[in-house]
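Let us look at how charged side chains pair up in this protein. Have the sequence and the 3D view ready.

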Amino acid sequence: MTIDWLKPAQRLGSLPPYVFARLDELKANARAEGVDLIDLGMGNPGGPAPQPVVEAAIAAISDPASHGYPPFEGTASFRRTITDWYHRRYGVTLDPDGEALPLMGSKEGLGHLAMAYIDPGDVVLVPTPAYPAHFRGPAIAGADIHTIPLRAENNWIIDFKDIPAALADRAKVLYFNYPNNPTGAVAPREFFEEMVAFGHRHQILLIHDLCYAELAFDGYQPTSLLEIPGAKEISVEFHTLSKTYNMAGWRVGFVVGNRHVIQGLRTLKTNLDYGIFSALQKAAETALQLPDHYLEEVQLRYSTRRDYLVKALATLGWEVAKPSAAMYLWVACPPGTSASDFALLLLQKTGIVVTPGTAFGEGGEGYVRISLIEDCDRLGEAVERLRKANIRYSSVPASV
Ligand SMILES: *Cc1c(COP(=O)(O)O)cnc(C)c1O
């Protein structure tokens, strides 16, 4: 029942409906009708967290010392593990006291950073398509959002020519993300260098989301923004344990980089939350210290699925680029079919759930994102369903 005299705050009205929530509704209906859904929609990795992480969590939960409020800024030992990890992976030196902050998942931090640094009317640059938290956080904060189009012709990398200098001078914050969700694109080191120069030239806070730092294949090594000289003066970088370590439900991430920016975020957060349960911070330390063979296993798992599905889709007329990182295929809709119509068609005719590209902003129109979160058997079943329903790259009708 609605309360007719009670209106939600205006900032809620600035938000378009969360596409995943809408998709959940349609999925629930299909399930209620007994459809065996193959859900390749959300980037929610299947399978448990690594056994040593689960064991560390159990041990830490059994310790009464972890039951109280955790420190606001995260445990010293988790912060130290984060900065050691950064040094080991990227050769970047960070101060665990002030340049690293644990988060209750990176989405939380991305959103709250917007609250901490963006006033109504501030100009914020966000690529389109983009991970929703990159534009929803600023939208809640009342930002004047200007989108930067990502294009297939430019390998989904930001083209600085798309940002007029006058706009760049007015901009306060820029969000970006490579390896990229949803497109799977990666950006060369020169791009990061150009970005840092751009940020300095126009005095823009750079927010980089490096959530796929470790999900990279065929020897490709993602770049950390903080590897670039001068980056720390104007930027922060976000990470998550959700994807690499199958810990999406645990809600553990972190942000590193400029200490003043992190201090601002911390100040806001001390008014809103107490951070992550200490026992989970202990477990997260174990995850970041797992031997490299664990990463190799995860990478092989996703690259095997990628190779399998790219090949199988080719037999149905799809030419899908093989991403060198992340856990998604970014698949063009058949000509004349919109992203949401195509996603709906797949759900209704085959029980396959994918995410319409428009969930990531208008720049995702014409594409759907397929998450590689099921094993090859299940992906094979999905392709068989497509074949039986005669859904091919060139033959789908223009509307549902
Ligand atoms: C999955 C994802 C996240 C979410 O991270 P949480 O730590 O689970 O909140 C953040 N950024 C991108 C680009 C993602 O794909």
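Q: How many salt bridges does the count come to?
A: This is a predicted model. A pair counts when a side-chain nitrogen of Lys or Arg is within 4 Å of a carboxyl oxygen of Asp or Glu. By this rule, the count is 25 salt bridges.

Q: Asp-36 forms a salt bridge with which residue?
A: The closest N and O atoms of the pair are 2.8 Å apart. That lies within the 4 Å cut-off. The partner of Asp-36 is Arg-378.

Q: How many residues apart in sequence are the parts that Asp-36 and Arg-378 tie together?
A: Asp-36 sits in the loop between helix H2 and strand S1. Arg-378 belongs to helix H13. So the pair ties together parts whose separation in sequence is 342 residues.

Q: Which residues join Asp-36 and Arg-378 in one network?
A: Some salt bridges share partners. Through them, Asp-36 and Arg-378 are joined with Glu-381 and Arg-385.

Q: Which helix holds the partner of Glu-73, Arg-266?
A: Glu-73 and Arg-266 form a salt bridge, with the closest N and O atoms 3.5 Å apart. Glu-73 lies in the loop between helix H3 and helix H4. Arg-266 is 193 residues away, in helix H9.

Q: Is Glu-285 buried or exposed?
A: Glu-285 forms a salt bridge with Lys-282, and both lie in helix H10. Lys-282 is partly exposed, at 43% relative accessibility. Glu-285 has a relative accessible area of 9%. Buried means under 20%, so Glu-285 is buried.

Notes: Residues are numbered from 1 along each chain as its sequence is written. This is a predicted model: local features need pLDDT of at least 70, side-chain atom pairs count only at pLDDT 80 or more; totals for chains, interfaces and linings use all residues. Side-chain values use heavy atoms; hydrogens and water are left out. Helices (H or I, at least four residues) and strands (E, at least two) are DSSP runs, numbered from the N terminus. Buried means under 20% relative accessible area, exposed over 50%, partly exposed in between (1.4 Å probe, protein chains only).
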